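Please examine the sequence and the structure before reading each solution.

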Amino acid sequence: MPYRRTENVVRRLAEREQTILDAAQSIASESGMGAVQIAPVAHRADIAAGTVYRYFPSKNNLIAEVIASAAGRELAAMREAADAAPGPLSALAACIATFAARALNDRRLTWAVLAEPVDANIDALRVEFRRAIASELAWRINVAITGQHLPDQDARAAAPAIVGALLEGLIGPLASPGSNAREAVQTITLLSLRALGVVDARARGLVAQCSLPQNPSATSAPAPSLPQAARA
C-alpha cells in the first residue's frame with residue numbers, strides 16, 4: 001500500500017514551508033532581495049540549510065515564491081479595498097491608495113519584489129507582478145469609463161503609467177527620502193486621478209475619503225539605493 005501523508009504531517013510540512021518563506025521575506029525586507037541566500041534563511045528559520053533545499057531546490061526557487069506570495073497579498077488587498085468602495089471612482093482611488101500605503105509600510109520589501117535588480121532569471125516574475133497590478137488598475141479604469149465617470153481613454157496605456165508613478169514616486173531611488181507617508185500616499189493618488197481626467201475638486205474629495213491601511217502617518221524610510229463624496 002503506498003504511503004499516504006496524514007493531515008498532521010501535511011500541516012507540519014506546510015508550516016515549515018511558511019516558516020522558510022517568512023524568514024526569506026524578513027531578510028528581503030531588511031536588506032533587499034540580494035541578501036536572500038539559503039544559509040541566512042536557514043539560520044533565520046532555525047533549521048538546517050539542507051531542510052530549506054528540500055522545499056526549495058535553489059535560491060531562485062525561494063525568491064520566486066517570495067515574489068509570488070507578495071503579489072498575491074498585494075493584489076488581494078487592492079481588490080478588497082476597491083470592492084468595499086461605494087462606486088467606480090472611489091474603487092479606483094482606493095485601489096491606488098491601498099497599494100501606495102502598503103508599499104510605503106514596507107518600502108524595502110516592495111522594491112525588492114517589484115524592481116530590485118538581482119538576477120535576470122527572476123526579472124520575468126517581477127514583470128508579471130507589475131503587469132498584474134496594471135491589469136487590476138486597467139479594469140477599474142475601464143469600469144469608470146463605462147459608467148462615464150472618466151473620459152474615454154486607453155486604459156491599457158494609462159494603467160502602466162500609473163504603476164510607474166507609484167513605483168518611482170514612492171519607493172524608487174528618485175523618491176523623496178524622509179517624506180510623510182500619509183502625505184505621500186495622498187499626493188500620488190491625487191496625481192493619478194488627475195492624470196486620468198478627474199477634475200481637481202472631485203479628485204481631492206475622493207482622496208480624502210480613502211481609508212488607508214494601517215494608518216500610514218509616520219515618516220517613510222529612505223528610498224532604496226541603486227544596485228550596490230458621492231457614489232462615484
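**Exercise 1.** Determine which residues of α5 meet which residues of α7, and how the helices are arranged.

*Solution.* Step 1. In α5, Pro88, Leu89, Ala91, Leu92, Cys95, Ile96 and Phe99 meet Ile133, Glu136, Leu137, Arg140, Ile141, Val143 and Ala144 of α7, contact meaning heavy atoms within 4.5 Å. The model is predicted: local features need pLDDT of at least 70, side-chain atom pairs count only at pLDDT 80 or more, and totals for chains, interfaces and linings use all residues. Residues are numbered from 1 along each chain as its sequence is written, and side-chain values use heavy atoms, with hydrogens and water left out.

Step 1. Helix α5 (residues 88–105) and helix α7 (residues 120–146) have axes 8 Å apart, at an angle of about 160° (axes are lines fitted to C-alpha atoms over the stretch in contact; angles run from 0 to 180 degrees between N-to-C directions; helices are DSSP runs, H or I, of at least four residues, numbered from the N terminus). α5 and α7 are therefore roughly antiparallel (over 145 degrees).

**Exercise 2.** State how α7 and α8 cross.

*Solution.* Step 1. The axes of α7 and helix α8 (residues 155–171) come within 8 Å and cross at roughly 125°.

Note on methods. Helices (H or I, at least four residues) and strands (E, at least two) are DSSP runs, numbered from the N terminus. Angles under 35 degrees count as roughly parallel, over 145 as roughly antiparallel, 65 to 115 as roughly perpendicular and the rest as oblique.
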